[in-house]
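Work through the two exercises below with the structure in view. Each task is followed by a solution in steps.

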Amino acid sequence: MNVSIKTPDDIQKMRIAGRLAADVLEMIEQHVKPGVTTEELNRICHDYIVDVQGAIPAPLNYNGFPKSICTSVNEVICHGIPGDKALKSGDILNIDVTVIKDGWHGDTNRMFYVGEVPEHARRLCRVTQECLYQAIRLVKPGARLSDIGAVIAKHAHANHYSVVEEYCGHGIGLGFHEDPQVLHYPGYNARNDLELKEGMTFTIEPMINAGKKHTKLNMKDGWTVTTKDRRLSAQWEHTMAVTADGVEVLTARSTEQEFRRNWS
Ligand code: MF3
Ligand code: CO
Ligand code: CO
């Protein structure tokens with residue numbers, strides 16, 4: 001494991017990339033409604049990232065991924081490929097945006113409601129967001145990676161949900177996916193648990209299922225991951241930096257004031 005420590009200059013550049021990624025999620029919100037296709041959302045995000053932000057959409061051609069964002073609807077856990085199927089009222093949608101600016105990555109995702117969404121689905125989205133927020137609040141020098149997975153699993157299980165284990169958060173910086181792996185369940189042992197230190201940058205991105213934890217990879221497209229039992233899944237993601245006394249969320253949106261206290 002090779003966990004890099006970022007300098008204040010590095011983190012300033014990641015702040016810029018993170019802000020751009022957050023801006024894309026704020027920009028796209030008004031376009032998420034019944035009838036729009038995920039390919040249309042992909043096109044709007046792509047053009048905004050490239051033409052307005054002067055940045056690069058990291059997913060495009062990443063290990064052969066064919067689009068600029070990931071769009072994951074209902075039972076899709078993650079890595080959904082934008083396509084020509086229209087969203088319909090009642091769908092829940094995750095949009096995952098990663099931009100590269102000046103070589104540095106910012107990676108964030110959130111859930112959106114399409115039209116009128118039933119309470120059971122909104123509850124899954126809400127609890128998953130709470131899982132992310134509870135984990136972020138633990139991040140500070142001296143905390144351990146295992147603390148993150150423990151609090152996420154505890155909150156998910158208290159709500160009778162399950163935690164996806166095959167996909168995890170990750171270090172991030174000049175690389176899209178760097179060490180360490182950030183598990184969302186208590187999967188560490190004495191050898192791979194890690195003490196957090198100032199200057200580490202990573203994502204937390206819990207994927208929480210309404211039913212069982214098991215996943216299924218679509219072998220035809222090589223990317224789309226769904227729940228095995230076809231029940232709903234939700235995810236929320238932020239990129240953050242460990243600071244001297246806590247955490248700075250580099251992809252916080254304007255609605256997330258709690259996590260913007262370090263912002264100028
Ligand atoms: N953004 C995803 C993450 O949170 C990774 C997407 S990889 C892609 O790590 F190739 F599907 F874009
Ligand atoms: Co990520
Ligand atoms: Co992401």
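**Exercise 1: a helix pair**

Describe how helix 1 and helix 2 pack.

Step 1. Helix 1 (residues 8-28) packs against helix 2 (residues 38-52) at an angle of about 135°, and their axes are 10 Å apart. Helices here are DSSP runs (H or I, at least four residues), numbered from the N terminus. Axes are lines fitted to C-alpha atoms over the stretch in contact, with angles from 0 to 180 degrees between N-to-C directions.

Step 2. Angles under 35 degrees count as roughly parallel, over 145 as roughly antiparallel, 65 to 115 as roughly perpendicular and the rest as oblique. Helix 1 and helix 2 are therefore oblique to each other.

Step 3. List the contacts, meaning heavy atoms within 4.5 Å. From helix 1, Val24, Met27 and Ile28 meet Leu41, Ile44, Cys45, Tyr48 and Ile49 of helix 2.

The model is predicted: local features need pLDDT of at least 70, side-chain atom pairs count only at pLDDT 80 or more, and totals for chains, interfaces and linings use all residues. Residues are numbered from 1 along each chain as its sequence is written, and side-chain values use heavy atoms, leaving out hydrogens and water.

**Exercise 2: the cysteines**

How many disulfides are there?

Step 1. A disulfide is a pair of cysteine sulfur atoms within 2.5 Å. By this rule the count is zero.

Step 2. Cys78 is in no disulfide, its nearest cysteine sulfur being that of Cys70, 7.7 Å away. Cys78 is buried (under 20% relative accessible area; exposed is over 50%, partly exposed in between; 1.4 Å probe, protein chains only), at 5%.

Step 3. For Cys131, the closest cysteine sulfur is in Cys125, at 12 Å, too far for a bond. Cys131 is also buried, with 0% relative accessibility.

Key
Chains lettered and ligands numbered in written order. Helix = DSSP H or I, 4+ residues; strand = E, 2+ residues; numbered from the N terminus.
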